[in-house]
Amino acid sequence: MDLSPTSDSARGRSELIRRRWARYYLENAPSLTWLIFANVAAVFVGVHFYLPSLPEVDTFLWPLYMDSPVAVLLMALSLATLLPNLGRVLDEAPTNHVLAYLHTIAFVWLVETGLWTALALNLDVGAYFPDAWNYFGVLSTHLLFIPEAYLIPHYGKTTRGALATALVLVLANDIVDYGFGYHPPLRYDLEGTVGIVLVAGSVVTSLLAVGLAARGFERL
């Protein structure tokens, strides 16, 4: 496969994930298939985490309640749009307004969820640390959401409407989380300073995720 540099870097696309590596993983059928499979598997792992509390949440709020499963599901759908492009370079990946919305929202959800998880776990470290999975496992897997999100700008584009929609959705998610108490299950209470910091931090991570999307994507 020809992995020589293209002009995309010069067009301002984010280089958190280098172009040659994005092309290697996204233009090859085996690696693309495994990436899709890994994200679909992560959906089921995430849903399993939320299962005990799902009966207490209205069904129509599940997409805003199960942040991590929704993030990786959106990523799987975003990656799946590349399947018809196999055998061609990323520059030839399909682009349209519908895909711009999907790619943008997937990016924002992944980045916001990764940042929020790191914040939430470390606001009361003693509630999780040194539990091998509930601290190190959850933290490391969710931080990987961020570099994975940066694969998307290598084949997707965005629009002002997509960015505005992502902003509305992610802030609506914050309102559902803290206004109605449907934030992901935590091992500590949101009282006093900890609660204020988490709410404020959640809004900041939401705005930051949309800002990074605006900076990382090319416009359609």
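1. W21 sits in helix 1, which spans residues 19-27. Helices here are DSSP runs of H or I with at least four residues, numbered from the N terminus. The model is predicted: local features need pLDDT of at least 70, side-chain atom pairs count only at pLDDT 80 or more, and totals for chains, interfaces and linings use all residues. Residues are numbered from 1 along each chain as its sequence is written, and side-chain values use heavy atoms, with hydrogens and water left out.

2. How exposed is W21? Its relative accessibility is 47%, so W21 counts as partly exposed. The scale is simple: buried means under 20% relative accessible area, exposed means over 50%, and partly exposed lies in between (1.4 Å probe, protein chains only).

3. W21 also belongs to a nonpolar surface patch with Y24 and Y25. Patch members have over 30% relative accessible area and no salt bridge; nonpolar side chains (Val, Leu, Ile, Met, Phe, Trp, Tyr) are joined within 5 Å, like charges within 9 Å.

4. Now the buried residues of helix 1: R19, A22, R23, L26 and E27. Viewed down the helix axis, they fall within an arc of 100°, so they line one face of helix 1. That arc is taken from the directions from the helix axis to the C-beta atoms. Their cover includes helix 2 (29-50) and helix 4 (67-80).

5. Side chains of opposite charge can pair when their charged atoms come close. The rule for a salt bridge is a side-chain nitrogen of Lys or Arg within 4 Å of a carboxyl oxygen of Asp or Glu. By this rule there are 3 salt bridges.

6. One of them joins R19 and D91, at 2.8 Å from N to O. R19 is in helix 1 and D91 is in the loop between helix 4 and helix 5 (97-123), so the pair ties together parts that are 72 residues apart in sequence. R19 is buried at 6% relative accessibility. D91 is partly exposed at 42%.

7. Another salt bridge links E27 and R23, with the closest N and O atoms 2.9 Å apart. Both residues lie in helix 1, 4 residues apart, about one turn of the helix. E27 is buried at 7%, and R23 is buried at 4%.

8. R88 and E92 also form a salt bridge, their closest N and O atoms being 3.6 Å apart. R88 is partly exposed at 40%, and E92 is partly exposed at 47%.

9. Turn to S202 in helix 9 (residues 192-216). Is S202 buried or exposed? At 0% relative accessibility, S202 counts as buried. Its side chain makes a polar contact with the side chain of W116 at 2.9 Å. A polar contact is a pair of N or O atoms within 3.5 Å; within protein, one must be able to donate a hydrogen and the other to accept it, and residues adjacent in sequence count only if both atoms are side-chain atoms. The S202 side chain also reaches the backbone oxygen of L198 at 2.7 Å.

10. S140 lies in helix 6 (residues 132-143). S140 is partly exposed at 38% relative accessibility. A polar atom of its side chain lies 2.8 Å from the backbone oxygen of F136.

Technical notes:
Accessible areas come from the Shrake-Rupley method with a 1.4 Å probe; for residues, only the protein chains shown count as cover. Helices (H or I, at least four residues) and strands (E, at least two) are DSSP runs, numbered from the N terminus. Contact means heavy atoms within 4.5 Å.
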